Amino acid sequence: MKKRLLKDNRVRAGLLALVYFVTAQLGLSLALLGHSVTVFWPPSGISIAVLLLYGYRLWPGIFIGSFFSNLVSGLPILAVTGMAGAGTLEALLGAYLLSQHARFSVGLNEARDIF
């Protein structure tokens with residue numbers, strides 16, 4: 001039952017949203033300027049990795065996690081929505097470029113995939 005539940009894309013997207021939110025809060029706790037500018041942003045790498053491993057259909061998890069992580073920082077709703085959309089597009093475009101144009105292998109079989 002647990003394996004079947006984890007294969008459900010809605011559950012995976014929900015877990016991705018939760019991981020995105022938690023790691024975003026970690027990144028925002030190290031903000032350099034105000035409450036939203038930081039050089040440490042692990043959700044970007046996590047989002048790209050998840051999209052490469054499980055597919056583009058998990059993009060709603062990125063949007064939801066980004067939306068709520070920016071919402072709790074007190075920004076206006078329009079800015080929060082724009083930032084969530086931009087973060088989602090960033091992950092989608094990054095995963096697409098890695099898989100289609102850079103010939104990146106998720107299996108990390110070659111040194112260039114690691115670096």
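How many aromatic pairs does the structure hold? The structure holds three aromatic pairs, where rings of Phe, Tyr and Trp (its six-membered ring) pair if their centres lie within 6.5 Å, with planes under 30 degrees apart counted as stacked, over 60 as edge-to-face and the rest as tilted.

The rings of Y20 and W41 have centres 6.5 Å apart and planes at 75°, so this pair is edge-to-face. The pair links distant parts of the chain, with Y20 in helix α2 (residues 9-28) and W41 in the loop between α2 and α3, 21 residues apart. Helices (H or I, at least four residues) are DSSP runs, numbered from the N terminus. The rings of F63 and F67 have centres 6.2 Å apart and planes at 20°, so this pair is stacked. F63 and F67 are separated by about one helical turn, because they lie four residues apart in helix α4. Ring pairs also link F63, F67 and F68 into a cluster.

The model is predicted: local features need pLDDT of at least 70 and side-chain atom pairs count only at pLDDT 80 or more, while totals for chains, interfaces and linings use all residues. Residues are numbered from 1 along each chain as its sequence is written, and side-chain values use heavy atoms, with hydrogens and water left out.

The table gives the relative accessible area of selected residues. Buried means under 20% relative accessible area, exposed over 50%, and partly exposed in between (1.4 Å probe, protein chains only).

| Residue | Relative accessible area | Class |
|---|---|---|
| Y20 | 4% | buried |
| W41 | 26% | partly exposed |
| S47 | 1% | buried |
| R57 | 49% | partly exposed |
| F63 | 27% | partly exposed |
| F67 | 17% | buried |
| N70 | 5% | buried |

Helix packing is described next. The axes of helix α4 (residues 59-71) and helix α5 (residues 77-101) come within 8 Å and cross at roughly 145°; axes are lines fitted to C-alpha atoms, for helices over the stretch in contact, and angles run from 0 to 180 degrees between N-to-C directions. The crossing of α4 and α5 is right-handed, meaning that the near helix is turned clockwise from the far one by less than a right angle. Residues of α4 including W59, F63, F67 and N70 meet residues of α5, among them I77, V80, M83 and A84, where contact means heavy atoms within 4.5 Å. By class, the contact of α4 with α5 has 11 nonpolar, six polar and no charged residues.

N70 lies in helix α4, and its side chain reaches the backbone oxygen of S66 at 3.0 Å. Not counting residues up to four places away in sequence, N70 touches L75, V80, M83 and A84.

S47 belongs to helix α3. The side chain of S47 reaches the backbone oxygen of P43 at 2.7 Å. Leaving aside neighbours within four places in sequence, S47 is in contact with Y20, I62 and A91; Y20 is also a member of the edge-to-face pair.

R57 is placed in the loop between α3 (42-54) and α4. A polar contact of 3.4 Å joins the side chains of R57 and N9; such a contact is a pair of N or O atoms within 3.5 Å, and within protein one must be able to donate a hydrogen and the other to accept it, with residues adjacent in sequence counting only if both atoms are side-chain atoms. R57 and S44 are 13 residues apart in sequence and 17 Å apart in space, C-alpha to C-alpha.

Key:
Helices (H or I, at least four residues) and strands (E, at least two) are DSSP runs, numbered from the N terminus. Ala, Val, Leu, Ile, Met, Phe, Trp, Tyr, Cys and Pro count as nonpolar, Asp, Glu, Lys and Arg as charged, and the others, Gly among them, as polar.
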